[in-house]
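Reader: Hello! I am new to this structure and would like to walk through it with you. Could you show it to me before I start asking?

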Amino acid sequence: MRFRHRAAAAFATLLLPMAGAVGLASPAQAAGNATATFTKTSDWGSGFGGQWTVKNTGTSSISSWTIEWDFPSGTKATSAWDATVTNSGDHWTAKNVGWNGTIAPGASVSFGFNGSGPGAPSNCKLNGDSCDGATVPGDAAPSAPGTPTASAVTDTSVKLSWSAATDDKGVKNYDVLRDGKKVSTVTTTSYTDTGLTAGTDYSYTVQARDTADQTGPVSGAVKVHTTGGGGTQPPTGDKVKLGYFTEWGIYGRNYNVKNLVTSGSAAKITHINYAFGNVTGGKCAIGDSYADYDKAFTADQSVSGVADNWDQPLRGNFNQLRQLKAKYPNIKVLWSFGGWTWSGGFADAAKNPAAFAQSCYDLVEDPRWADVFDGIDIDWEYPNACGLTCDTSGAAAYKNLMAALRAKFGSNNLVTAATTADGSAGGKIEAADYAGAAQYVDWYNVMTYDFFGAWDAKGPTAPHSPLTSYSGIPKEGFTTADALAKFKAIGVPAKKLLIGIGFYGRGWTGVTQDAPGGTATGPAAGTYEQGIEDYKVLKTSCPANGTVAGTAYAHCGSNWWSYDTPATIKSKMAWANSQGLGGAFFWEFSGDTGNGELVSAISDNL
């Protein structure tokens with residue numbers, strides 16, 4: 001069925017069929033053959049994320065769709081993806097884009113948007129008729145119920161209560177939705193949900209149904225964290241809070257998975273990227289087999305407090321991560337492949353994406369550790385551009401690789417990627433099809449650090465992770481704001497973008513001036529590498545005495561360092577919230593203090 005607008009004034013009426021189309025339905029058929037439902041996917045106070053889903057409930061294909069709805073005054077859509085969204089005052093219209101107009105019988109398509117304001121959509125129309133498939137002329141859909149409140153939370157249950165919706169002909173009942181799926185229909189304004197899992201996050205909304213079986217907009221969401229589960233992890237909200245754990249950290253740094261527990265960081269994160277798996281011969285491969293699954297940890301090094309045995313099936317970091325997930329069941333772990341050193345292997349991988357994806361799946365889902373990992377992360381530095389080596393796979397290679405990974409790993413696994421933050425004109429973001437690949441990934445970790453450093457031995461000194469531009473910046477476009485603006489401009493949804501924080505500083509020596517822009521004689525000395533040092537060292541050895549572009553800097557003797565502090569992280573998280581970003585990530589855990597003060601700054605302010 002194909003429909004189009006006759007004129008802007010026709011928004012509230014059935015849209016007329018295009019001339020010459022075949023198999024057009026009457027208004028009643030149009031309503032009965034498709035539904036549209038709205039879900040609030042996230043809420044950060046001043047704004048929210050929303051998703052509409054159109055489902056073909058009929059027996060023949062739909063060839064185009066248009067959804068209309070009203071927002072209350074003060075609520076609006078600020079950005080959208082996978083649909084063309086327009087408005088006339090508080091009346092909003094969304095039309096399919098070219099590739100998602102056709103919907104086969106039983107299939108569905110979705111599009112999303114970010115919004116501002118407190119309201120929810122009402123008066124929904126799909127192709128001119130009721131969004132729930134019913135044709136009820138002159139009968140308005142019910143209003144949204146009040147946001148549920150949670151009480152009597154136990155390991156396995158929660159009681160929900162909400163204020164009543166209103167309807168011109170009366171409310172018949174309410175659908176209770178857990179994580180977007182209906183779990184019960186009740187006639188009262190309360191419900192007790194049972195059979196839940198201890199120590200787990202859930203999200204609840206409610207939707208009213210009137211006497212004609214029309215459903216109204218869903219309510220606001222309430223987050224519930226059941227008690228128990230063996231851990232102390234509180235609800236983390238909708239934002240991703242991800243940290244990298246390096247396999248080599250267990251050596252000279254003596255940083256084990258257990259440190260995530262003793263520092264308090266495990267209770268404040270949602271995801272871990274385990275770095276790195278190798279990419280070689282067009283396949284995913286083990287990075288360090290001894291660290292990954294062979295090293296025997298002593299009782300004092302172990303998350304469980306029990307020493308590894310010589311004959312147990314799995315040891316190493318993988319077993320420690322398994323123990324961590326048992327203690328903090330909400331944490332998801334992804335295996336990250338590539339990185340600066342091993343990104344050269346992606347050139348071969350790009351020649352046969354399907355074979356590469358199969359090799360990665362076989363490794364990540366190896367029966368010995370399949371329960372440890374919840375997905376895969378790709379750290380290609382950089383597709384169709386230069387990092388440690390130069391890649392000439394072409395702009396489409398990245399999209400093709402991500403498409404193959406998503407096809408193989410499916411919807412039940414996470415597929416993510418670390419990306420360049422080069423927001424300069426003609427820079428690395430423009431070298432590959434990041435926009436096309438975005439449809440296949442859950443999010444991008446945009447590496448908004450290492451913009452400047454002592455590889456430019458003589459300076460000028462500059463913050464390695466500037467949030468915004470400033471007078472005298474060595475290269476325009478090398479900022480967090482520029483990078484994320486460029487990703488959004490090419491169509492990557494804000495909720496799929498994570499801001500990056502470095503738990504380290506970069507520095508020069510031979511510097512005489514306090515302010516940025518000074519000359520230098522070379523990189524400052526670092527514990528493990530020249531020109532770089534952990535925050536936990538710098539906070540006392542060279543305390544910050546200034547801020548530029550949202551990043552702290554310090555001039556100590558002849559050394560000049562830039563790094564993020566709890567205060568600058570707080571400001572960056574506020575900025576990330578204002579941009580509607582999906583969350584934040586950091587490199588990497590071992591650079592933080594023993595009590596995890598940088599992780600706390602992210603968790604407390606995101």
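Predicted model: local features only at pLDDT ≥ 70, side-chain atom pairs only at ≥ 80, totals over all residues.

Reader: How many disulfides does the structure hold, and in what pattern?

Author: A disulfide is a covalent bond between the sulfur atoms of two cysteines. The structure holds four of them. With bonded cysteines counted along the chain, the pattern is 1-2, 3-4, 5-6, 7-8.

Reader: What is the handedness of the disulfide of cysteine 124 and cysteine 131?

Author: The sulfur atoms of cysteine 124 and cysteine 131 are joined at 1.7 Å. Cysteine 124 counts as buried because its relative accessibility is 19%, and cysteine 131 is buried with a relative accessible area of 5%. The torsion about the S-S bond is about -70°, so this disulfide is left-handed.

Reader: How many residues apart in sequence are the parts tied together by cysteine 284 and cysteine 360?

Author: These two cysteines form a disulfide with their sulfur atoms 2.0 Å apart, and with 70° about the S-S bond the link is right-handed. Cysteine 284 lies in strand 20 (residues 283–285) and cysteine 360 in helix 7 (residues 353–364), so the parts tied together are apart in sequence by 76 residues.

Reader: What about cysteine 390: buried, partly exposed or exposed?

Author: Cysteine 390 is joined to cysteine 386 by a disulfide, S to S 1.9 Å. That link is right-handed, with 110° about the S-S bond. Cysteine 386 has a relative accessible area of 38% and is partly exposed. Cysteine 390 has 53% relative accessibility, so it counts as exposed.

Reader: Where does tyrosine 382 lie?

Author: The backbone has a cis peptide bond here, from glutamate 381 to tyrosine 382, with omega near 5°. Tyrosine 382 itself lies in the loop between strand 22 (375–379) and helix 8 (397–409).

Reader: Which residue does a cis peptide bond join to tryptophan 587?

Author: Here omega is about -20°.

Reader: Is helix 12 roughly parallel or roughly antiparallel to helix 13?

Author: The axes of helix 12 (residues 566–578) and helix 13 (residues 597–605) come within 9 Å and cross at roughly 30°. Angles under 35 degrees count as roughly parallel, and those over 145 as roughly antiparallel. So helix 12 and helix 13 are roughly parallel.

Reader: Into which classes do the residues of the contact of helix 12 with helix 13 divide?

Author: On the helix 12 side, the contact includes Ile569, Met573 and Ala574, while helix 13 brings residues including Leu598, Ala601 and Ile602. Helix 12 also contributes Lys570 and Asn577, and helix 13 contributes Glu597 and Asn605. The contact residues divide into seven nonpolar, two polar and two charged.

Technical notes
Residues numbered from 1 in each chain as written. Heavy atoms only, no water. Axes fitted to C-alpha atoms, helices over the stretch in contact; angles between N-to-C directions. Helix = DSSP H or I, 4+ residues; strand = E, 2+ residues; numbered from the N terminus. Parallel < 35°, antiparallel > 145°, perpendicular 65-115°, else oblique. Contact = heavy atoms within 4.5 Å. Nonpolar A, V, L, I, M, F, W, Y, C, P; charged D, E, K, R; others polar. Disulfide = S-S within 2.5 Å. Buried < 20%, exposed > 50% of the residue type's maximum accessible area, 1.4 Å probe, protein only.
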